[in-house]
Each structure stands twice: as C-alpha cells, then as structure tokens.
Amino acid sequence: MDSQIVAVFCLCDDLLKALYHYEDRQCQMSDAEVMTVAIIAMLYFRGNFETARSFLHDHGYIPKVLSKSRYNRRLHRIAELFLTLFATLGETWKALNENSIYVIDSFPIAACDNYRICRSKRYQGEVWRGCQASKRRFFYGLKLHLMVTQEGQPVEFFLTPGSYSDTSAMKWYHFDLPEGAWITGDKAYTDYTLEDLFQEAQRCLLPLRKSNSKRPVKPWIHYLQASYRKIIETTGSMIEKLLPKSIHAVTARGFELKVAIFVLACSINYLFG
C-alpha cells in the first residue's frame with residue numbers, strides 16, 4: 001500500500017508539472033495531494049474522502065491537510081484534472097494495445113434504492129429510471145458507458161441518465177482509435193449504418209449478432225466476440241468492487257465526480273498489476 005500511495009502522488013504530481021499547472025504559493029495542500037487523497041479514497045476506503053484524508057495525514061504522507069469543507073471545494077475546483085489524468089492513461093493503454101481490439105458496454109450506477117426514488121433530490125424524473133436486462137431489475141440513477149482494451153484497461157467512459165439505451169449512447173463515444181481498430185460489444189450495439197461508416201474510416205465495428213441478423217458472422221468470430229465480452233465484464237466487476245453499497249454525495253455533480261474518480265482508480269489499478 002505504501003508504494004501505491006507514493007506512485008499515485010508521483011503520477012498526479014508529474015501530470016500537473018507537464019501541464020504547467022499553476023498553484024498559489026499560499027496553498028497549504030497542493031493539488032497533487034488533493035488528487036492523491038481522492039484516488040486513495042476510491043482504492044482503499046470505498047470513496048470516503050474524510051477517512052482517506054485522516055489516514056494520509058496521521059501516517060505522515062501529507063503533513064498539512066485542509067478541513068473537510070475546504071477540501072471538498074478544492075476537489076470540485078480541480079475536477080477536470082481527473083479527466084485529464086484518465087485520458088493520459090487511456091492513451092498509454094491504447095499504445096500498449098498492439099492488436100487494437102476494444103470492447104464497449106454499459107453498467108448501471110444506482111443513485112438510490114427504489115423505495116427512495118420519490119424522495120431523491122439529486123435526480124428527479126423518469127429519465128433516470130433504467131432497466132438492467134441481464135439481472136431483470138430496474139434501477140434509478142446513471143449508466144456508465146465504458147470502452148476497454150483487449151486487456152481490460154479503460155480508455156474512454158461517459159455517463160448518461162439510466163433510461164438511455166446503449167444504441168442511442170453510441171453517438172457520444174469519441175472512438176479516437178488507430179486505423180484498423182476492431183470494436184465489439186453486445187447485441188444492443190447493432191447499427192448497420194454506423195458499421196458502414198466505420199468501414200469507410202478504416203475501422204471495424206462488429207458487435208454480437210442477434211439470431212435474425214441481416215449480417216450474420218462466422219462461428220469463430222462469434223466465439224472471439226463472446227470471449228472479449230468477458231473482459232469488459234471483468235473490468236465492470238473491478239469497478240463494482242471499489243464502489244460502496246451507497247455512494248455518498250449531496251449534489252448530482254458530486255455524485256458524478258465520485259463515479260468518474262472510481263473509474264480512474266480502476267485504470268490506475270492496472271498500473272499495479
């Protein structure tokens with residue numbers, strides 16, 4: 001754990017130096033330390049910033065720490081730096097992905113239990129109610145749309161309301177991938193028009209086919225697609241393992257920021273093997 005804490009701080013500090021990030025000299029706690037507390041909270045303390053802050057201070061990792069309220073304000077002020085760090089790691093995983101195989105899928109992130117929907121203040125309306133077909137249950141909150149490499153490293157993600165389908169959410173992916181890349185997913189990503197556009201761009205979008213598909217694939221391709229599906233399910237399980245039973249956040253922006261840092265923590269986990 002000691003080496004991982006140091007590695008996370010060095011990663012954040014090097015990123016800020018590369019960006020020529022400005023900080024006021026009067027700051028008692030650097031932005032790299034603020035980021036480190038947040039990431040360590042996700043890796044070891046189920047997203048509890050206060051516990052992570054106290055732990056790092058008591059064990060001498062961060063000599064001077066901010067109060068709880070001041071830390072939260074600083075955290076929201078530098079929220080975009082977490083996305084920058086995730087994008088930087090994503091480019092690294094793409095460079096290491098020699099076969100250029102990518103898998104996409106979505107995962108439900110419940111904001112509250114079903115019996116609390118009527119009292120929910122962070123999200124209100126039916127647009128946030130989604131269905132998890134694999135488990136035959138409904139949830140209320142967000143959908144995490146994720147793209148991973150052949151080894152499971154996350155390279156892209158975004159959040160949508162729970163009612164958004166995977167097909168409609170495909171337009172939000174950047175698909176900033178090298179030529180010859182092969183993207184696969186489950187049957188919900190079938191879109192023949194988009195597949196033709198990908199072919200013109202020297203890339204291949206080939207999700208699993210339905211039984212009545214107009215473009216069936218060969219059995220050996222179906223076998224490969226099914227095996228790659230297990231990879232992203234493993235990554236989803238890793239993120240779910242980091243998540244607490246209930247994500248504590250007062251505002252919707254705070255809730256979404258925590259989810260984003262959880263995905264970033266999952267990506268950092270791959271650095272540690």
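**Close-up views of a predicted model**

**View 1. Helix H9 spans residues 252-269.** This is a predicted model. Helix H9 has 18 residues. From its first C-alpha to its last, H9 reaches 26 Å. That is close to the 26 Å expected at 1.5 Å a residue. H9 is mostly covered, with 14 of its 18 residues buried.

**View 2. Cys12 sits in helix H1.** Helix H1 covers residues 2-18. Is Cys12 buried or exposed? Cys12 counts as buried because its relative accessibility is 0%, and the cut-off for buried is under 20%. Leaving aside residues up to four places away in sequence, Cys12 touches Ala32, Met35, Thr36, Ile39 and Leu85. Now look at Glu33. Cys12 and Glu33 are 21 residues apart in sequence. In space, their C-alpha atoms are 8.0 Å apart.

**View 3. The side chains of strand E2 alternate.** Strand E2 runs over residues 129-132. Gly130 and Gln132 point to one face and are buried.

**View 4. Strands E2 and E3 form a hairpin.** Strand E3 covers residues 137-149. How many bridges join E2 to E3? There are four, and the two strands run antiparallel. Cys131 has Phe138 in E3 as its bridge partner. Four residues lie between E2 and E3. Arg136, in the turn, has a positive phi of about 55 degrees.

Conventions: Residues numbered from 1 in each chain as written. Predicted model: local features only at pLDDT ≥ 70, side-chain atom pairs only at ≥ 80, totals over all residues. Heavy atoms only, no water. Buried < 20%, exposed > 50% of the residue type's maximum accessible area, 1.4 Å probe, protein only. Pairing = 2+ DSSP bridges. Contact = heavy atoms within 4.5 Å. Expected span 1.5 Å × (residues − 1).
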